[in-house]
Amino acid sequence: GTPARAGDAGVELTIDGTTVAVPPGTSVMRAAAQAGCEVPKLCATDSLEAFGSCRLCVVEIDGARGTPASCTTPVAPGMVVRTQTEKLGRLRRGVMELYISDHPLDCLTCSANGDCELQDMAGVTGLREVRYGSGVDAGANHMDLLTDTSNPYFEFDPAKCILCSRCVRACDEVQGTLALTIEGRGFDSKVSPGAGGTFMESDCVSCGACVQACPTATLQEKTVVELGMPTRSVITTCAYCGVGCSFKAE
Ligand code: FES
């Protein structure tokens, strides 16, 4: 959605009973945040263009058909939005069940344990069981593909990818490199650097924007894979690019 600008709060709407005024073009998700309502999300971030692929951010809007994604729906005057209902909870848990059924079940030994948005969303949505199984036993996708370790700074494990496209969009929108793409269709889709090659063979400039954008351990710094999560980190932005380098310390 469009970032809010001071003095441009023109559209009034009600979200979970709270009335807010936001600039025209603002997404319902951003307006909800302004009203103090956190809508669950996986593919949206504060800095990337909305994509609308994960369907976790669905909301109810009076008069609207179905349950639209709040990240791609712009506000309208007088809108009445609900972000937390029993039906929405059910829908979100259903989405999370599908994600987890297509994901390795190694959270406790995963390098992103405790710093994984998929794990967070499982908690937020109250997921307690996965009816379809998970990991290799459930036939999870891309478990047979090798981790791409070609880049000196980070690794890419396709088995943990949820296809949110945040890395692809970060490469494009933050770095302007277009080294990543989603190749294939349906269940076969996968993030790919170049035409099926490795990161080192692609146009990747190792800026790290994709690693910072990844919500899971799919793209992970090698230091984190080897040493585990740092206990503190400092993010700095220099004049050369807008990525915001993350210096981490034990
Ligand atoms: Fe809106 Fe993913 S956050 S569809």
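**Close-up views of a predicted model**

View 1. The structure shown is a predicted model. Two bridges join strand 1 to strand 4 (residues 80-82), and these strands run parallel. Thr14 is also bridged to strand 4, where its partner is Val80. Strands of a sheet pair through backbone hydrogen bonds, either parallel or antiparallel.

**View 2. Strand 1 and strand 2 form a hairpin.** The two strands run antiparallel and are joined by five bridges, with strand 2 covering residues 18-22. Val11 has Val22 as its bridge partner in strand 2. Two residues lie between the strands, and Asp16 in the turn has a positive phi of about 45°.

**View 3. Side chains alternate along strand 1, residues 11-15.** Val11, Leu13 and Ile15 point to one face and are buried.

**View 4. Four strands make an open sheet in the order 2-1-4-3.** The pairing in this sheet is mixed. Strand 2 and strand 3 (60-61) stand at the edges with a single partner strand each, so one side of each has no neighbour in the sheet.

**View 5. The largest nonpolar core has 21 residues.** Leu13, Ile15, Val28, Val75 and Val81 have the most contacts inside this core. Strand 1, strand 2 and helix 1 (28-34) are the elements that give two or more residues to it. Helix 1 gives the most, with four residues. Another core, of 18 residues, lies apart from this one and includes Leu56, Ile100, Ala122 and Ala217. In soluble globular proteins, nonpolar side chains tend to be buried together.

**View 6. The surroundings of Val81.** Leaving aside residues up to four places away in sequence, Val81 touches Leu13, Thr14, Ile15, Asp16, Val28, Val59, Glu60 and Ile61.

**View 7. Phe154, Phe156 and Phe199 are linked by ring pairs into a cluster.** The count of aromatic pairs comes to two. In the pair of Phe154 and Phe199, the ring centres are 5.1 Å apart and the planes stand at 90°, so the pair is edge-to-face. This pair links distant parts of the chain, 45 residues apart: Phe154 is in strand 5 (residues 154-156), and Phe199 is in the loop between strand 7 (190-193) and helix 5 (209-213). Phe154 and Phe199 are both buried.

How values were computed: Residues are numbered from 1 along each chain as its sequence is written. This is a predicted model: local features need pLDDT of at least 70, side-chain atom pairs count only at pLDDT 80 or more; totals for chains, interfaces and linings use all residues. Side-chain values use heavy atoms; hydrogens and water are left out. Buried means under 20% relative accessible area, exposed over 50%, partly exposed in between (1.4 Å probe, protein chains only). Two strands pair if DSSP finds at least two bridges between them. Rings of Phe, Tyr and Trp (its six-membered ring) pair if their centres lie within 6.5 Å; planes under 30 degrees apart count as stacked, over 60 as edge-to-face and the rest as tilted. A nonpolar core is a set of buried Ala, Val, Leu, Ile, Met, Phe, Trp, Tyr and Cys residues joined through side-chain atoms within 4.5 Å. Contact means heavy atoms within 4.5 Å.
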